[in-house]
Amino acid sequence: MISRYVAVIGAGAAGLVAARELRREGHAVVVFEREDQVGGTWVYTQEVDSDPLGLDPHRVSVHSSLYSSLRTNLSRESMGFLDYPFLTRSDGSGDPRRFPGHQEVLMYLKEFARVFAVEEMVRFEVEVVKVCLVENNRWKVSSKKTSDGDIVVEEVFDAVVVCSGGRYSQTHVTDIPGTCFLFSSF
């Protein structure tokens, strides 16, 4: 098997598992995560969009769809990974319910990332703004640090796995013919 250089966009549940499995298969993996931690949609914030209807193109967009009392609508047995079950904690800490709150899910994902050393592959506070197919069927990924939106870095990968979950905070239908996909409006 040929080892590939693979970009994974998003460090939520899907991105963490994709990165782990790609590395298990011998690929070199870089995970791009806009936030400062893993967890994706399970990262809670009290902040809300400055324009919830999305009419103002200069609005402050909050990339979370959680509310403080949210509990899962799936059981631990359904949410857990086959080789890393979502169990209650033996020390009695955390949320012991079968349908736990969002904090418990986030702790589970953080533990998964730590146990399988996925965190070391993650570039935190880096937002992907564009992905384009280039020569030799490779992909150019344009990204920027969230703290410095002016500097865009371009890097070429053999493959890209999109696990961004942006649909949870902003509906977006790509309207670009060809092979470029913009991520900036997520």
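**Close-up 1. Histidine 27 sits in the loop between helix 1 and strand 2 (28–33).** Keep in mind that this is a predicted model. Is histidine 27 buried or exposed? With a relative accessibility of 14%, histidine 27 counts as buried, because the cut-off for buried is under 20%. Take a look at arginine 4 here: its backbone nitrogen lies 2.9 Å from a polar atom of the histidine 27 side chain.

**Close-up 2. Tyrosine 5 and phenylalanine 157 make a stacked pair of rings.** To describe a pair of aromatic rings, you give the distance of the centres and the angle of the planes. For tyrosine 5 and phenylalanine 157, the centres are 4.5 Å apart and the planes are at 20°, so the pair is stacked. The two partners come from distant parts of the chain, 152 residues apart: tyrosine 5 belongs to strand 1 (residues 5–9), while phenylalanine 157 belongs to strand 6 (residues 152–157). Tyrosine 5 is partly exposed, at 25% relative accessibility, whereas phenylalanine 157 is buried, at 0%.

Close-up 3. Arginine 20 lies over the face of phenylalanine 116, at 4.5 Å from the ring centre, and arginine 76 lies over the face of phenylalanine 86, at 4.6 Å.

**Close-up 4. Helix 3 has eight names on its buried list: His102, Glu104, Val105, Leu106, Tyr108, Leu109, Phe112 and Ala113.** How many residues does helix 3 have? There are 14, and the helix reaches 20 Å from its first C-alpha to its last, close to the 20 Å expected at 1.5 Å a residue. An α-helix has 3.6 residues a turn, so residues three or four places apart point the same way. What covers the buried residues of helix 3? The cover includes helix 1 (13–24) and helix 2. Just after helix 3, look for alanine 117, which takes a positive phi of about 55°.

Note on methods. Residues numbered from 1 in each chain as written. Predicted model: local features only at pLDDT ≥ 70, side-chain atom pairs only at ≥ 80, totals over all residues. Heavy atoms only, no water. Phe/Tyr/Trp six-rings, centres within 6.5 Å; stacked < 30°, edge-to-face > 60°. Helix = DSSP H or I, 4+ residues; strand = E, 2+ residues; numbered from the N terminus. Buried < 20%, exposed > 50% of the residue type's maximum accessible area, 1.4 Å probe, protein only. Lys NZ or Arg CZ within 6 Å of the ring centre and 35° of its normal. Expected span 1.5 Å × (residues − 1). Contact = heavy atoms within 4.5 Å. Polar contact = N/O pair within 3.5 Å; in protein donor to acceptor, adjacent residues only side chain to side chain.
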